[in-house]
Amino acid sequence: MSARRKLSLGERLVIAAPYLWIGAFFLAPMLLIAKISVSQSVLARPPYRPIFEPSDSLAAIWAKAQTFTFDAYRALVSDTLYLESYLYSLTIAAVSTLITLIIAYPFALAMARAPERLRPLLIGLAAAPFWTSFLIRVYAWIALLKDEGLINNALMALGLITAPLQMFATTGAVVVGIVYSYLPFMLLPLYAVLERQDPSLREAAADLGASPAQVFLRVTLPLSREGVVAGALLVFIPAVGEFVIPDLLGGSETLMIGRTLWNDFFSNHDWPAASAAAIVLVAVLMIPLLLWERARLADEGGA
Amino acid sequence: MSAPLLSIKSVSKKFGAVVALEEVSLDVGAGEFFALLGPSGCGKTTLMRCIAGFESPDAGTIALSGVDLSGVPPNRRPVNMMFQSYALFPHLNVFENIAFGLRRQGETRDAIDARVNELLAMTQLSVFGHRRIAELSGGQKQRVALARALAPRPKMLLLDEPLGALDRKLREETQFQLKEIQRRTQTSFVIVTHDQDEALALADRIAVMRAGRVEQVAGPMEIYDRPATRFVAGFVGETNFIEGRLDRNGAAALITEFGRIPCEPGNLPDGAQATLSVRPERIGVARDGEGIVGFVEDFVFRGETTLLRVRVASNIVLRAAASHGERHAIGDSVRLSFPPGAGALLAEER
């Protein structure tokens, strides 16, 4: 790098804006939660101690900081409920992400290969569900899946089954709900990379003797990796912490971490436990992501 | 010619209402360097894509070694193509790009390694085998594209504007490389180009195309000296079009506004209106003596020659090349001479 040019105040402000935004609305709340996670649970309002006051002297702050404890984290390890919730959430999210990918890929491919004038319409259709409230769409699935719901009634009317299938309040219902709700988040990044692909690359592969299946596996798929990763992250990360879908469509056995958190927070009023669970969740999601990003950068820079 | 390697018969192709190819017939021999030359939109690329199998003709047949190719997908055709954009696989390194076709043929690892290394050496890319495509210069990419297309030993190599993306100096160097590689591999090359110099320099035979039709198929010298149509004469090289009436009595000549110009009459009847195409360098320029009188309007120094614009009649200006060393000034009077056979008589336009 050559000598640095001095930045004007305006330029500094423009650069600072996103950092301030992240600091104010992401980092600060995270720090608050981290602080609560090492506090002690008490029967009070708010239900944790210590509480720092603006009037505290340094000595008082130090004294209060002495009371910080990792009890909540110890509880996370000792109570298998948390471990099970994490594993269950990660599994559900992983399965849902995979199904979303398998469903979205052919759609994205069809959209990317559709005549150019049709594409804006297809994107509009893919995004159309967002025009309705997310909550209403999940409720609609209840109407479809429950024992006397549309699907069971139809199957019974056709004589295919004699008793209603248990679909509502199952793990399967949760997966269906997640796949349905997050499909556009997979579809759009996939479409974006596939649409950008140079068609002459596929022609070149075919010209060199690749069958249509080989063209897909050797050229189209590897070149869409960025879209697959982006889509998978956009589905997987919110799916792990998903609360509404398992709450509405899941049964009593679907203990996803979002629900456990909710219970700790609202039912048990154990804010430190809920905060610790949230912090661990962020760590579980962020660490692999950072490692992957570092590997990718090293891969691109070095070679 | 013995049985041609590639035989194109009455091929037509339309895109919607646009005619891309109309009744195109061509033969390309084994080991031949063939050029499809024409302005953009003349159908040359469409014809090449029909041969590769990316487009299928609406009518007519394309046969390779006597086997009709219609219905044969691109991956089953023993023809490879070098794309104008090169279309190199960005996720594979140089070695794997070149090996791509060989791997599809299911060759052994050793055979693939040997063949790729041979091609890397032929295209002077040996040290670049492990480079990523993004790390290559334009000239290197061009060579990778050539090596990749040659690797599976195609019967015919199609090259779509192979030198189009290179700068002028590199283009000239690459022309020689391309010719040498073609000679060494004994593969038929069919090149698509809009650059007449490139076609003249590289090809054994040239098909000049215009608006979906083939205007003339001939060797470079014949295309240049004996253009069949006004379009070919004008597209390939510089020329003068001289209008006149054919006089077949005695030594045939074209009667023009500014005098008699000797020519070979071909099969045109006496008294026919005709156009003679004469290259500037075929017109003799002298200060005095025999010849048609004209006045220098303008001149451009070209190094080897000086191109003069000479007014021979009130509404006719001819271009003539004076050889190096002769000096002319604007307004000078000169004598232009037309040796027999200097020009080519063109059939009337359809």
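The confidence of the predictor in each residue is expressed as pLDDT, on a scale from 0 to 100. The structure described here is a predicted model, in which local features need pLDDT of at least 70 and side-chain atom pairs count only at pLDDT 80 or more, while totals for chains, interfaces and linings use all residues. Residues are numbered from 1 along each chain as its sequence is written, and chains are lettered from A and ligands numbered from 1 in the order in which they are written.

For chain A, the mean pLDDT is 90, and 98% of the residues reach 70 or more. Helices (H or I, at least four residues) and strands (E, at least two) are DSSP runs numbered from the N terminus. Among the elements of chain A, the highest mean pLDDT, 97, belongs to H9(A), and the lowest, 86, to helix H14 (residues 271-301).

Between chain A and chain B, the contact takes 16 residues from chain A and 17 residues from chain B, two residues being in contact if their C-beta atoms, placed from the backbone, lie within 7 Å. On the side of chain A that touches chain B, the elements giving two or more residues are helix H9 (199-207) and helix H10 (212-223) of chain A. H9(A) gives the most to this side, with six residues. By class, this side of chain A has nine nonpolar, four polar and three charged residues; Ala, Val, Leu, Ile, Met, Phe, Trp, Tyr, Cys and Pro count as nonpolar, Asp, Glu, Lys and Arg as charged, and the others, Gly among them, as polar.

Chain B is divided into domain 1 (6-233) and domain 2 (239-346), with bounds that come from an automatic or database domain assignment. The centres of the two domains of chain B, taken over C-alpha atoms, are separated by 39 Å. Their contact takes six residues from domain 1 and six residues from domain 2. The side of domain 1 that touches domain 2 has two nonpolar, one polar and three charged residues.

In chain B, strand E9 (residues 205-210) and strand E10 (residues 213-218) pair in the antiparallel sense over five bridges; strands pair if DSSP finds at least two bridges between them. Met209(B) has Val214(B) in E10(B) as its bridge partner. E9(B) and E10(B) form a hairpin with two residues between them, and Ala211(B) in the turn has a positive phi of about 50°.
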